[in-house]
Amino acid sequence: MLTKEAAQHVIYEIMKLYPDAVPTMRYQSPFQLLMVVILSAQATDESVAKVTDRLFERYPSPRAVIESSPEEIESYIKTVGLYRNKAKYIYKSSQELLEKFDGEVPHTRKELQSLTGVGPKSANILLSVAFDQEAFAVDTHVSRVCKHHKIVEEDATPKQIEERVTEIIPAKYWGRAHQSMISFGKEICTSRIKRCHEFPQLYENMEEIKNSVK
């Protein structure tokens, strides 16, 4: 695993490659983003994007959701993986928003993770993207990039990855680092083909990984 300084260098160079990286998720309210992050678990961005327009039109609020049913929600998201469970999560979390939070998506990690279908990654995305708070979410792209570039150990858990990254870079960069790593993971350090060696600036003055990361 890289030293703190070396890992910091790799992260900053990835951020330089994608200075304007922004979330690709389409949403117009924290509630819409909540539905998107629930749908996104173990699903492609493309499959989620295909269903959101109709979903948002039919369910503009938690109230509209609970006046429906999980079965009806299924009909809008059936092309998304695990759609039956996700329909239940959207319905249940909407109930919880109305019962506990006056229909508003809460702004704290603890409250967000109290919602059905919202784990640490989803909570961090909501905090960072919807509420512009300092948070670092670990998805499959972020995990792959961090492991391949020795920022963390190969068997690191998402929680350990989050702790490592947030320990070595300032909080004001957490959101940017997350988005940059996602873009880097989608385009360069992919699951099938890794072109990281084409960007030698990542490894400047770091002999310890120059030959180990291909």
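Contact here means heavy atoms within 4.5 Å, and helices (H or I, at least four residues) and strands (E, at least two) are DSSP runs, numbered from the N terminus. The structure is a predicted model, so local features need pLDDT of at least 70 and side-chain atom pairs count only at pLDDT 80 or more, while totals for chains, interfaces and linings use all residues. Residues are numbered from 1 along each chain as its sequence is written, and side-chain values use heavy atoms, with hydrogens and water left out.

Spanning residues 30–40, α2 is mostly covered, with ten of its eleven residues buried (under 20% relative accessible area; exposed is over 50%, partly exposed in between, with a 1.4 Å probe and protein chains only). The buried set runs through Phe31, Gln32, Leu33, Leu34, Met35, Val36, Val37, Ile38, Leu39 and Ser40. What do these buried residues of α2 pack against? Their partners are α3 (45–58), α4 (62–66), α5 (70–77), α6 (83–101) and α8 (120–130). After α2 comes Gln42, with a positive phi near 55 degrees.

Next, the nonpolar cores. A nonpolar core is taken as a set of buried Ala, Val, Leu, Ile, Met, Phe, Trp, Tyr and Cys residues joined through side-chain atoms within 4.5 Å. The largest one has 36 residues, and Leu34, Ile73, Ile77 and Leu112 have the most contacts inside it. Two or more residues of this core come from each of α2, α3, α4, α5, α6 and α8, and α2 gives the most, with eight. Leaving aside residues up to four places away in sequence, Leu112 touches Val105, Pro106, Val118, Ala123, Leu126 and Leu127. A second, separate core has 31 residues, among them Ile14, Tyr18, Val138 and Ala177.

Two of those names turn up again where α1 meets α11. The axes of α1 (residues 4–17) and α11 (residues 174–187) come within 9 Å and cross at roughly 75 degrees; axes are lines fitted to C-alpha atoms, for helices over the stretch in contact, with angles from 0 to 180 degrees between N-to-C directions. That makes α1 roughly perpendicular to α11 (65 to 115 degrees; under 35 is roughly parallel, over 145 roughly antiparallel, and the rest oblique). On the α1 side sit Ile11, Ile14, Met15 and Leu17, which meet Arg176, Ala177, Ser180, Met181 and Phe184 of α11. By class, this contact has seven nonpolar, one polar and one charged residues, where Ala, Val, Leu, Ile, Met, Phe, Trp, Tyr, Cys and Pro count as nonpolar, Asp, Glu, Lys and Arg as charged, and the others, Gly among them, as polar.

Ser68, between α4 and α5, is buried at 11% relative accessible area. Its side chain makes a polar contact with the side chain of Tyr59 at 2.9 Å (a pair of N or O atoms within 3.5 Å; within protein, one must be able to donate a hydrogen and the other to accept it, and residues adjacent in sequence count only if both atoms are side-chain atoms). Thr190, in the loop between α11 and α12 (207–210), is buried too, at 16% relative accessibility. Asp102, by contrast, is exposed at 72% and sits in the loop between α6 and α7 (109–113), with a positive phi near 55 degrees. Asp132 is exposed at 69%, lies between α8 and α9 (140–148), and has a positive phi near 55 degrees.
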